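Have a look at the model first, then read on.

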Amino acid sequence: MLEKFSLSEPITMSSEAASERKASEAERGTTRMPREEMLWSFTRGSYDDHTRRRQPSPCPQIQTALEEGSQLQNSPGMASSCAKPHLIISLFVGCLLFASPARPAVSPSAAVNSTTLPVKHSRISAHLKRVNKPASPDGDLIDCVPSHLQPAFDHPKLRDHKPSDPPERPKGYSLSSTVDASFQAWSISGESCPEGTVPIRRTTREDMLRASSVQRFGRKPAARRLRRDSTSTGHEHAVGYIIGDQYYGAKASLSVWAPRVTSASEFSLSQIWVISGSFGNDLNTIEAGWQVSPQLYGDNRPRFFTYWTSDAYQETGCYNLLCSGFVQTNNRIAIGAAISPASALNGGQFDIDLLVWKDPKHGHWWLELGSGLLVGYWPSFLFSHLAEHANMVQFGGEIVNAQTSGFHTSTQMGSGHFAGEGFRKASYFRNLQLVDWDNSLIPLSNLRLLADHPNCYSIQGGVNAVWGNYFYYGGPGRNVRCP
């Protein structure tokens, strides 16, 4: 039976064992540190040089037996020269206990904190969720920014700019649309910003991380071709356009869908282009419509958007309010916010009216959405050619074909159905009109239709008494005829 002892009690040895130990130490040339000093050194966590040296075993017989791999025997001779084996083992274990890092005792208060902290964090998260709830059911955060602090006024030419007065509407204009500001998800419940402010969709760190670079965030790829076969650039179109005269604006109703976009680097959109200049580096464009862009917005919802450039998408311009330029004047429309509802296959069709025109008095290009809602304007000095007029207007759809799998993309344009499938299946533009030099809305007389790849995305047009000039467009992308 093992004897109980305390490390604080002296350990007795026979005189014979003590003599042998001293002789062994003399022979090895080492001096054994007193046990009390050694334990103090362990608890302090530091050692003197002589403490780091290997200490001789208090029992040479046991050390020799261990080195030779022999089994210890409880013989009377061994017991007489060393402490009993159980004392040696207990001493060894005790030293290890003293040498091991001390573990702090857990106080009752620490135990309580370990239990209450997760509960506290949970309550904080729940409170923040309540007070910082998104203004939009789709998760967007909409900030009401004082009008004079909006991004437009960061532009050097707009530092002392006074917002322009509302322009004169084109002659022949009528408020025929039934769409109002509640068509956006964030304002369905009646939300709007106070007078003197404008609603701006908040840009997040995640939005910027999805971009190819910080410099290109919020911009379309450079040197994009708009109306020729665009296989080399990856952009494909199904559009109606008019060219060859001087144009001062355009108007149309376009149906809203939620096409499937299969790659984060691709998008699908439907828009009006107001264009001037050549298709070189001097290209000027003003653009407005809806788009699905996972890279820009982080989801697959159709969103109202604007764009502009004065150098063929090189260094100037951007989407929405992601750079200085476009001056917003409306406190109920958030550019970049989701549109709701969208059209349904074989079901209800939803479209929005867009009007872009040049104010005859000040020369700025204004944007109107729906039933008389002035969104804002592009100042004329942002442009070179468009400072005077446009020489081309274009309506229709565009997608990006990134060919990430080596095949044509399956990203849809419009509804994802071909133009020939008609109403309730294909996406459409209707009531296409132009604004002429006299600030009058006139019907198109020579609309040209173009599909870059008609087996992937097609277009068909016509004229009737209800829809005026119109066309259907779109398609599924990759299929047996579009490999």
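1. Let me start with the handedness of one link: the torsion about the S-S bond of C456 and C482 is about 90°, so this disulfide is right-handed. C456 sits in the loop between β15 (448-451) and β16 (458-464), while C482 is in the segment after β17 (468-474), so the pair ties together parts that are 26 residues apart in sequence. The S to S distance for C456 and C482 is 1.9 Å. For the record, a disulfide here is a pair of cysteine sulfur atoms within 2.5 Å, and strands are DSSP runs of E, at least two residues, numbered from the N terminus.

2. Some housekeeping before you go further: this is a predicted model, where local features need pLDDT of at least 70 and side-chain atom pairs count only at pLDDT 80 or more, whereas totals for chains, interfaces and linings use all residues. Residues are numbered from 1 along each chain as its sequence is written, and side-chain values use heavy atoms, with hydrogens and water left out.

3. The cut-offs are under 20% relative accessible area for buried, over 50% for exposed and partly exposed in between (1.4 Å probe, protein chains only).

4. How many disulfides does a search of the whole structure find? It finds three. One of them joins C144 to C193, with S to S at 2.0 Å. The torsion about the S-S bond of C144 and C193 is about -80°, so that disulfide is left-handed. C144 lies in strand β1 (residues 142-146) and C193 in the loop between β1 and β2 (197-201), so the pair ties together parts that are 49 residues apart in sequence. C144 is partly exposed at 37% relative accessible area, but C193 is buried at 3%.

5. Then there is the disulfide from C318 to C323, S to S 2.1 Å. With -85° about the S-S bond, the link of C318 and C323 is left-handed. Both C318 and C323 are buried.

6. Finally, the serine. S343 is in the loop between β8 (327-328) and β9 (351-358), and at 9% relative accessibility S343 counts as buried. A polar atom of the S343 side chain lies 2.8 Å from the backbone nitrogen of F350. Leaving aside neighbours within four places in sequence, S343 is in contact (heavy atoms within 4.5 Å) with residues including S255, V256, W257 and F350.

Technical notes. Helix = DSSP H or I, 4+ residues; strand = E, 2+ residues; numbered from the N terminus. Polar contact = N/O pair within 3.5 Å; in protein donor to acceptor, adjacent residues only side chain to side chain.
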